[in-house]
Amino acid sequence: MSAYGKRKGATFETGVVKWLRSKKLLAERLTKAGAKDEGDIVVFANGKYHVLELKATKTLKLPEFWAEATIEAKHFAEARGLEHTPESYVIIKRRMAGIEKAWVVQDLVQWTEKVKYCKCTPDSSST
């Protein structure tokens, strides 16, 4: 990766941490650890860790990004002796858009865990 690419990625990471903190979330950048990298950002919310892998790139390689996020969440858990691997997410910077418009990639199981406690009957006034 070029120096420009590294700087662009670091700027994106810093911006995401600041944005998450502005939403009153506990967020920290993680130190790069080479082969045992643990992700880019960790967020502690709802009593759980969430490991974020950030990408600021023109080319979307979702299978590659997802594999990296999953492996790095395992490294995060191992380094801290956690029983369970935290959920991992890929955050992708959208070109020409602010931090709040970044895409969040998660799997269907993660998504259903988020919505299973919702009211799942349509409100008659919304139709």
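E28 is partly exposed, with a relative accessible area of 46%. Partly exposed is the band between buried, under 20% relative accessible area, and exposed, over 50% (1.4 Å probe, protein chains only). The side chain of E28 meets that of R21 in a salt bridge, at 3.1 Å from N to O. A salt bridge here is a side-chain nitrogen of Lys or Arg within 4 Å of a carboxyl oxygen of Asp or Glu. R21 also counts as partly exposed, at 41% relative accessibility.

A word on the model. This is a predicted model: local features need pLDDT of at least 70, side-chain atom pairs count only at pLDDT 80 or more, and totals for chains, interfaces and linings use all residues. Residues are numbered from 1 along each chain as its sequence is written, and side-chain values use heavy atoms, with hydrogens and water left out.

Now the sheet. Its 5 strands form an open sheet with mixed pairing, in the order β1-β2-β3-β4-β5. The edges are β1 (26-29) and β5 (103-105), each of which pairs on one side only. From one strand to the next, the twist averages 25°. Strands (E, at least two residues) and helices (H or I, at least four) are DSSP runs, numbered from the N terminus. Two strands pair if DSSP finds at least two bridges between them. Strands of a sheet pair through backbone hydrogen bonds, either parallel or antiparallel.

Take one pairing in detail. β2 (residues 41-45) and β3 (residues 48-55) run antiparallel and share 5 bridges. Within this pair, V42 has V51 as its bridge partner in β3. The loop between β2 and β3 holds N46. N46 has a positive phi of about 55° although it is not a glycine. Its relative accessible area is 77%, so N46 is exposed. K24 is exposed, with a relative accessible area of 73%.

Next, the helix over the sheet. α2 (residues 62-80) lies across β2, β3, β4 (87-92) and β5, and runs at about 140° to β4. Axes are lines fitted to C-alpha atoms, for helices over the stretch in contact; angles run from 0 to 180 degrees between N-to-C directions. α2 has 19 residues and reaches 27 Å from its first C-alpha to its last, close to the 27 Å expected at 1.5 Å a residue. That expected span is 1.5 Å times one less than the number of residues. After α2 comes G81, with a positive phi near 65°.

Which residues of α2 are buried? They are F65, A69, E72, A73, H75, F76 and A77. An α-helix has 3.6 residues a turn, so residues three or four places apart point the same way. The cover over the buried residues of α2 includes β2, β3 and β4. Contact means heavy atoms within 4.5 Å.

Leaving aside neighbours within four places in sequence, E72 is in contact with D37, E38, G39 and E53.

Back to charge pairs. Side chains of opposite charge can pair when their charged atoms come close. The whole structure contains 9 salt bridges. One of them joins K48 and E87, at 3.9 Å from N to O. K48 lies in β3 and E87 in β4, so the pair ties together parts that are 39 residues apart in sequence. K48 is partly exposed at 41% relative accessibility, whereas E87 is buried at 18%.

Not counting residues up to four places away in sequence, E87 touches K48, Y49, H50, V51, Q110 and K114.

Another salt bridge joins the side chains of K32 and D40, at 2.6 Å from N to O. K32 is partly exposed, with a relative accessible area of 44%. D40 is buried, at 3%. What do salt bridges that share partners join into one network? They link E13, R29, K32 and D40.
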